[in-house]
Amino acid sequence: MPQLNFTLTDGSAVSVSCAVGETVMNAATLNGVPGVEAVCGGFCSCATCHVYVDDAWIEKLPPPSGDENEMLDGTAADRLPGSRLSCQLKVTAELDGLSVRMPPTQA
Ligand code: FES
């Protein structure tokens, strides 16, 4: 199973295994990784699952959809080049080792 690496707001790191086809948001919430709220449950309508994808991985992800792009303009923390909504990131075998950082706030 692909491994996902999360850097938390306190700087600590957490790695979890995730099934292919699962979303990064589900991988975080199901494993109790703090920092993703996911208030809407993954329907791309709350922006509280915001993460910063590490630079090395940005180009390996499909670009955000129009809806995701619009929601990213309303994140509580600054939108950065690596900003994505983790509920819109489906894990593939190629994303084994994906690293994301939690933003300082989701609300
Ligand atoms: S969980 Fe609400 S936008 Fe991702």
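Biologist: Why is cysteine 44 called partly exposed?

Modeller: A residue is buried with 20 or more other C-beta atoms within 10 Å of its own, exposed with 12 or fewer, and partly exposed in between, with C-beta atoms placed from the backbone. Cysteine 44 has 16 other C-beta atoms within 10 Å, so cysteine 44 is partly exposed. This is a predicted model, where local features need pLDDT of at least 70, side-chain atom pairs count only at pLDDT 80 or more, and totals for chains, interfaces and linings use all residues. Residues are numbered from 1 along each chain as its sequence is written.

Biologist: What makes alanine 38 buried?

Modeller: Alanine 38 has 21 C-beta neighbours inside 10 Å, and therefore counts as buried. Alanine 38 sits in the loop between α1 (24-30) and β3 (50-53); helices (H or I, at least four residues) and strands (E, at least two) are DSSP runs, numbered from the N terminus.

Biologist: What is the phi of alanine 38?

Modeller: About 55 degrees, which is positive, although alanine 38 is not a glycine. Most residues other than glycine have a negative phi. Cysteine 44, in the loop between α1 and β3, also has a positive phi of about 55 degrees.

Biologist: Which residues have the most contacts inside the largest nonpolar core?

Modeller: Leu4, Val24, Met25 and Val100, in a core of 22 residues. Such a core is a set of buried Ala, Val, Leu, Ile, Met, Phe, Trp, Tyr and Cys residues joined through C-beta atoms within 7 Å. Its largest share, four residues, comes from α1.

Biologist: Which residues does valine 24 touch?

Modeller: Leaving out residues up to four places away in sequence, valine 24 touches Leu4, Val51, Ser86, Leu89, Val91 and Val100. Contact requires C-beta atoms, placed from the backbone, within 7 Å.

Conventions:
Contact = placed C-beta atoms within 7 Å.
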